[in-house]
Amino acid sequence: PDDFTLTLPDEAATLALGAKLAQVLVPGLNIYLHGDLGAGKTTLVRGVLHALGHTGRVKSPTYTLVEPYVVSTLNLYHFDLYRFIDPEEWDAAGFRDYFNPESLCLVEWPEKAQSLLPAPDIDIHLHAEGQGRRVLITANTDSGNQCIATLNT
Ligand code: ADP
Ligand code: MG
């Protein structure tokens, strides 16, 4: 699998990476966002959504667990599973259906839903480094690889 790291010195750099990601994302991709509270996961999603034309707010769906968007004809689902506890809620809430070839899923705190989630095409790990952030992007599938191949330039 391909991977690379980048330094993101400030919030603007995280948003800019999101904008670059937005240009290469395709339907069907499943992306996990890893990192502590405050690492910049939601900021990255905000960068993606703004680049795709979303003009409203982008908040982590901490209580609703998922926020659906339709942007540039793309069905994008932003999950924040930090408060996900009950495995039975997964099917009851219809979460399984969100992961399909027509939709793009960006998932914060995938660790909380463990084996319920489909495997990720791309893992993005964010962590604090000085005042900024360090990001590691890893592709696990061919489609994930195609997507990030053009990012690392
Ligand atoms: P998470 O979703 O991982 O909990 P957020 O995206 O809400 O984190 O970001 C938390 C804070 O980190 C925000 O105040 C945001 O402005 C800031 N931030 C994001 N990226 C960077 C960066 N590269 N350098 C410094 N601060 C950043
Ligand atoms: Mg968040």
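How many helices and strands does the secondary structure of the protein chain come to? The count is five helices and seven strands. Helices (H or I, at least four residues) and strands (E, at least two) are DSSP runs, numbered from the N terminus. The model is predicted: local features need pLDDT of at least 70, side-chain atom pairs count only at pLDDT 80 or more, and totals for chains, interfaces and linings use all residues. Residues are numbered from 1 along each chain as its sequence is written, chains are lettered from A and ligands numbered from 1 in the order in which they are written, and side-chain values use heavy atoms, with hydrogens and water left out.

From the N terminus on, the order of elements is β-α-β-α-β-β-α-α-β-β-β-α. The C-alpha atoms fill a box of roughly 40 × 35 × 30 Å along the principal axes. The radius of gyration of the protein chain is 14 Å. This agrees with a compact globule of 153 residues, for which a value near 15 Å would apply. The radius is taken over C-alpha atoms, and the globule rule is 2.2 Å times the number of residues to the power 0.38.

Buried residues make up 47% of the 153 residues. Buried means under 20% relative accessible area, exposed means over 50%, and partly exposed lies in between (1.4 Å probe, protein chains only). The accessible surface of the protein chain comes to about 7800 Å². Carbon and sulfur atoms hold 51% of that surface. Accessible areas come from the Shrake-Rupley method with a 1.4 Å probe; for residues, only the protein chains shown count as cover.

Contact means heavy atoms within 4.5 Å. Among contacts between residues at least 6 apart in sequence, 62% join residues at least 24 apart. The protein chain carries 10 positive and 19 negative charges, and their mean positions are 9 Å apart. Lys and Arg count as positive and Asp and Glu as negative; His and the chain ends are not counted. The place of a charge is NZ of Lys, CZ of Arg, CG of Asp or CD of Glu.

Helix H2 spans residues 41-51. Eight of its 11 residues are buried, so H2 is largely enclosed by the rest of the structure. The buried residues of H2 are Lys41, Thr42, Thr43, Leu44, Val45, Gly47, Val48 and Leu49. Just after H2, Gly53 takes a positive phi of about 105°.

The magnesium ion (ligand 2) has three protein donors: Thr42 (OG1), Ser60 (OG) and Glu108 (OE). They lie 2.2 to 2.6 Å from the ion. Donors are N, O and S atoms within 2.8 Å of the metal (3.2 Å for Na, K and Ca); water is not among the atoms, so sites may look incomplete. In sequence the donor residues are spaced T-x17-S-x47-E. Thr42 in helix H2 and Ser60, in the loop between H2 and strand S3 (66-71), are 18 residues apart and link distant parts of the chain. Thr42 counts as buried at 14% relative accessibility. Ser60 is partly exposed, with a relative accessible area of 23%. Beyond four places in sequence, Thr42 touches Val58, Lys59, Ser60, His78 and Glu108.

Glu89 lies in helix H3 (residues 87-92). Glu89 is partly exposed, at 32% relative accessibility. Apart from residues up to four places away in sequence, Glu89 touches Leu65 and Phe84. Glu89 and Gly144 are 55 residues apart in sequence and 28 Å apart in space, C-alpha to C-alpha. Tyr98 belongs to helix H4 (residues 95-98). Leaving aside neighbours within four places in sequence, Tyr98 is in contact with Val66, Tyr77, Phe79, Ala93, Ser103 and Cys105. Tyr98 and Tyr69 are 29 residues apart in sequence and 12 Å apart in space, C-alpha to C-alpha.

Positive phi values also occur in residues other than glycine. Thr73 has phi near 60°. Thr73 sits in the loop between S3 and S4 and is exposed, with a relative accessible area of 80%. Gln114 has phi near 40°. Gln114 lies in the loop between S5 and S6 and is exposed at 60%.
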